[in-house]
Amino acid sequence: MAVATKQSPETSAASMLDRLPVACLAGLVYVVGSLAIVFKLLPTLWREVLHAPDVPGMQALLALLMVAAAVGLIYLGARLLGPRQLPGLRGGVAVGLVGLFLIVVVVRWIGFIFQSLIVANNWFGASSVMAAAALTGVVGLALLIYLVRLFLKPTFERRLVGLEEQGWFSATFYKRSQGQRVRRGTMLGLLIIVGCGIYTMLHRGLVEPGASWEMSIPFTGREVVKDPGDTSLAKGSELDAREFQAANADLKQFVKIAKQNDSELAVNSVVPRDKYDAEVKKLRDEGSIPADTALPIPATGTTKYQTFTLLPDIQFTLPLILGALALWLSWRIVNYPTFADFLIATEAELNKVSWTTRRRLVQDTIVVLVTVVLLTVFLLVVDTLWSFVLGDKVLKVLRLDNTKAKQEEKADQEQPW
C-alpha cells in the first residue's frame, strides 16, 4: 500500500534572492565589491606586485585594464540577474549605495568628534584611542543595522518599486518615435551646458593635476614635525601623537637661558630645572646674579592621516564621470513621461507653423533693413530741423550750448553765501 508523504519545503538560495530586500542587499555587496576590485585591487596589484613604472604609457594601460574589468563585472552582474529581474532591484541597489556612502561620511565625522574629545582629553588613559575607535564602530554598526531594517520594511519596498517605475534606472524609451527633434535638441543643450562647466573647471585650474579625491581616516593621524622648537625631535619626522605631546610636556622640566648674567650657563641653552635651581641657590649664596630664563619653545607640526582614495586622478576621472552622468541624465530626462509628453506636444505645435521659403525670407529681411534705415534718416532730419528752429538762432526756446550755463552754475557754487 502506497502512502503519500508530505515533504517539507526547502529554502534555496534562489528563493531567498526572490525577495526584493535580500536581492537588493546582495546586489549592493556585489557593486561595492566590484568597485573595490576596479579602483583599489587592480591599481594596488599593478604597482605593488607587478612594479609597473609610473609613466603615461603604463598609466593608459592600467586605465584600459580597469575599464575591461569594469565591463566584465557589469556583464557578470547582468548574467547573475538573469532574464527576470525583480521590480525595484536597480532602484534598491542605487539607494543602498547612497545610504552606504552617507553612513561612511557620518561615521567618519563622528570618529573625528570622538578623537577630539576622548583621545585629545585622554579620558581613558592609554586605551583612549581603542575606546574611541570602538565607540565609532558601534555607531557605524548601528547605522548599518538601521539601513538593513529599512530595506526590510514593506512600505520601503513599495517605494523602491515606485522609484524604479519612473525609469531612472532603466534604458527603456518613452514614445520613441515621437518628438525626436525637440528631444535631441534638449539633450544637446543640456550637454553643452555641462560641457561648458567641465571646460571652465579644467581651464580655471579648479582641479589640481595628479590630485585624487581622498578621505582621511580617523585615529590614524601621525604628527609631522614642522618646527622642533627646543625639543629633541627631528624636523620632518613622523611620530605618534602621544609621543609628540610627551615631547612637549617634557619641556616643563626644563628652562631656557635668556640672559647669562653671572651664570656659567650659555644663552639659549635648555637645561633641567633642578640644575638651574641648584645654580641659582649657589650664585645667590655668593652674592652673584643668576641667569634670566624664558619658557622653552614647544614643537609644532601638522597631523597627517591615512587616507582612503575615493576617486583617483580626478583631473581625468571627474570630467569623464560628469560627462557620463550628464549624458545619462539628459537621456533620461527626455524620456521622463511628464517632460517627454511636453516635448512631444511642443514639436507638434512647431509642426503646425508655416515656415517661409528662403527667397521670401531674404525679401522680408531686405524690406525690414531698408525700413529701419529710412526711419533712422527721417528721425535724424526731423531732430536736426527742430533743433535749429527751437535753438538759440531762431525761437531761442532750447539752450543747446550748455557752456555758459555751466559757467554760471560754477560761479554760483563759488560764492561764499
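1. Let's start with R360, which is partly exposed, at a relative accessible area of 46%. Keep in mind that this is a predicted model. R360 makes a salt bridge with D364, and the closest N and O atoms are 3.3 Å apart. Both residues sit in helix 12 (residues 358–390), 4 residues apart, or about one turn of the helix. D364 is partly exposed as well, with a relative accessible area of 34%.

2. That pair is one of 6 salt bridges in the structure. Side chains of opposite charge can pair when their charged atoms come close. Another one to look at joins the side chains of R181 and E347, at 3.5 Å from N to O. This pair links distant parts of the chain: R181 belongs to helix 7 and E347 to helix 11 (residues 337–351), 166 residues apart. R181 counts as exposed at 56% relative accessibility, whereas E347 is buried at 10%.

3. D230 and K256 also meet through their side chains in a salt bridge, 3.5 Å from N to O. K256 counts as buried because its relative accessibility is 15%, and the cut-off for buried is under 20%.

4. While you have helix 7 (residues 180–203) on screen, find G185, which is in that helix. G185 is partly exposed, at 40% relative accessibility.

5. Now for the inside. Nonpolar side chains tend to be buried together in soluble globular proteins. Here the largest nonpolar core has 12 residues, including L20, C24, L86, V107, F151 and F156. Helix 2 (20–49), helix 4 (89–121), helix 5 (128–151) and helix 6 are the elements that each give two or more residues to this core. Helix 4 supplies the largest share, 4 residues.

6. Helix 4 also holds W109, so have a look at the outside too: W109 is exposed, with a relative accessible area of 56%. W109 is part of a nonpolar surface patch together with V106, I113, L117, W123 and F124. Together these residues have about 620 Å² of accessible area.

7. What kind of surface patch do R149, K153, R158 and R159 form? They make a positive one. R158 is in helix 6 (residues 154–165), and this residue is exposed, at a relative accessible area of 56%.

8. Last, two backbone angles I'd check. Most residues other than glycine have a negative phi. K175, which is not a glycine, has a positive phi near 50°. K175 sits in the loop between helix 6 and helix 7 and is partly exposed at 38% relative accessibility. F219 is not a glycine either, and its phi is positive at about 70°. F219 is in the loop between strand 1 (213–216) and strand 2 (222–227). With a relative accessible area of 21%, F219 counts as partly exposed, because buried means under 20%.

Technical notes. Residues are numbered from 1 along each chain as its sequence is written. This is a predicted model: local features need pLDDT of at least 70, side-chain atom pairs count only at pLDDT 80 or more; totals for chains, interfaces and linings use all residues. Side-chain values use heavy atoms; hydrogens and water are left out. Patches are made of residues with over 30% relative accessible area and no salt bridge: like charges are joined within 9 Å, nonpolar side chains (Val, Leu, Ile, Met, Phe, Trp, Tyr) within 5 Å. Accessible areas come from the Shrake-Rupley method with a 1.4 Å probe; for residues, only the protein chains shown count as cover. A salt bridge is a side-chain nitrogen of Lys or Arg within 4 Å of a carboxyl oxygen of Asp or Glu. Lys and Arg count as positive and Asp and Glu as negative; His and the chain ends are not counted. The place of a charge is taken as NZ of Lys, CZ of Arg, CG of Asp or CD of Glu. Buried means under 20% relative accessible area, exposed over 50%, partly exposed in between (1.4 Å probe, protein chains only). A nonpolar core is a set of buried Ala, Val, Leu, Ile, Met, Phe, Trp, Tyr and Cys residues joined through side-chain atoms within 4.5 Å.
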